[in-house]
Amino acid sequence: MKKYVLDLTVRQVELLSPKHVLLRLTDSQPLPPMQPGQFVEVRVDGSPTTFLRRPISINYVDREQNELWLMVAMIGDGTRQLGRLQVGDTLNCVLPLGNTFTMPASADERVLLVGGGVGMAPMLYMGAEMQRRGIQPTFLLGGRTAADLLELDLFNKYGRVCVTTEDGSMGEQGFVTNHSVLQESFDRICTCGPKPMMMAVARYALSKDITCEASLENMMACGLGACLCCVEKVKTEDALPTNVCVCKEGPVFNVKRLLWQI
């Protein structure tokens with residue numbers, strides 16, 4: 001897929017929580033094709049400590065409004081600088097990068113989309129694209145508290161939503177792998193979030209022989225496979241270990257390829 005370097009204009013900035021901001025970006029020309037699971041490398045201007053681009057998952061693409069949505073977790077100098085952007089500012093982006101989640105081939109396929117923390121972001125676009133194709137997903141979203149569960153009104157537009165919180169302030173108490181929805185039968189699972197959460201989801205999927213894809217959140221400075229800081233050990237088709245760049249061969253992997261301790 002062709003990659004673009006674009007100066008996108010900030011159309012709207014929405015504070016989703018004290019530590020999460022939603023940037024809605026647009027361009028004078030139609031935005032290029034983008035698929036669920038792909039990401040964007042953004043240049044951080046105005047931060048004296050941030051020299052490398054930051055990878056941000058594609059949260060949603062609104063074709064009618066010609067908008068790209070990026071959910072930013074403000075956890076470091078670079079991402080806090082992104083949170084200070086104002087309407088009318090310009091954000092330099094390289095996009096779209098990486099591979100995609102596998103879209104179900106049939107509307108009969110039962111798909112569970114599992115997101116935790118900022119890993120919820122790509123699940124919204126995946127669910128929207130599934131609904132557009134006549135496929136109804138089930139979302140399983142987890143956070144420490146109710147304040148960590150973002151965009152629930154939008155998730156409810158695209159499928160059934162199940163939630164967990166560690167403190168029990170919303171939904172079922174516990175981790176996503178404790179939710180009662182896992183007693184149901186699914187054909188496919190897609191997940192993104194903290195690595196321990198994805199490892200637990202992968203263990204569950206493998207134990208049930210369910211196809212499972214995980215979107216890894218390794219540090220990705222270039223997005224093109226040049227800097228080698230996002231390397232992950234995986235299996236080849238011959239079951240031999242090898243190293244790959246997550247930004248180039250991922251970020252989405254079938255969990256059977258990952259050499260996690262699962």
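1. Start with Asp 209, which sits in the loop between α4 (195–207) and β12 (211–215). The model is predicted, and in it Asp 209 has a positive phi of about 55° although it is not a glycine. Most residues other than glycine have a negative phi. Asp 209 counts as exposed because its relative accessibility is 63%, and exposed means over 50%.

2. Now turn to Glu 151. This residue is also not a glycine, and its phi is positive, near 60°. Its place is the loop between β8 (138–143) and α3 (152–158). Is Glu 151 buried or exposed? Its relative accessibility is 7%, so Glu 151 counts as buried. The cut-off for buried is under 20%.

3. Check two peptide bonds next. Most peptide bonds are trans. The bond joining Leu 95 and Pro 96 is cis, with omega about -15°. Pro 96 belongs to strand β6 (residues 90–97). Gly 250 and Pro 251 are also joined by a cis peptide bond, and here omega is about 10°. Pro 251 lies in the loop between α5 (246–249) and β15 (252–254).

4. Look closely at Glu 232 in strand β13 (residues 231–235). Glu 232 is buried, yet it has no salt bridge. How far away is the nearest side chain of opposite charge? That side chain is Lys 195, at 4.5 Å. A salt bridge needs a nitrogen-to-oxygen distance within 4 Å.

5. Glu 232 does have a polar partner. Its side chain and that of Trp 260 are joined by a polar contact of 3.3 Å. Leave out residues up to four places away in sequence, and Glu 232 touches several others, among them Leu 216, Asn 218, Thr 242, Val 244 and Leu 258.

6. Then consider the nonpolar residues. In soluble globular proteins, nonpolar side chains tend to be buried together. The largest nonpolar core here has 52 residues. Which of them touch the most other members? They are Leu 25, Leu 68 and Leu 91. Helix α2 (residues 121–132) gives this core its largest share, 7 residues. A second, separate core has 34 residues, including Met 197, Met 198, Cys 230 and Cys 247.

7. Finally, trace the surroundings of Leu 25. Set aside its neighbours within four places in sequence. Leu 25 is then in contact with Leu 8, Val 10, Leu 31, Leu 68, Leu 70, Leu 91 and Cys 93, among others. Its contacts also include Thr 9, Arg 11, Asn 66 and Glu 67.

Notes: Residues numbered from 1 in each chain as written. Predicted model: local features only at pLDDT ≥ 70, side-chain atom pairs only at ≥ 80, totals over all residues. Heavy atoms only, no water. Core = buried A, V, L, I, M, F, W, Y, C linked by side-chain atoms within 4.5 Å. Buried < 20%, exposed > 50% of the residue type's maximum accessible area, 1.4 Å probe, protein only. Helix = DSSP H or I, 4+ residues; strand = E, 2+ residues; numbered from the N terminus. Contact = heavy atoms within 4.5 Å. Lys, Arg positive; Asp, Glu negative; His and termini not counted. Polar contact = N/O pair within 3.5 Å; in protein donor to acceptor, adjacent residues only side chain to side chain.
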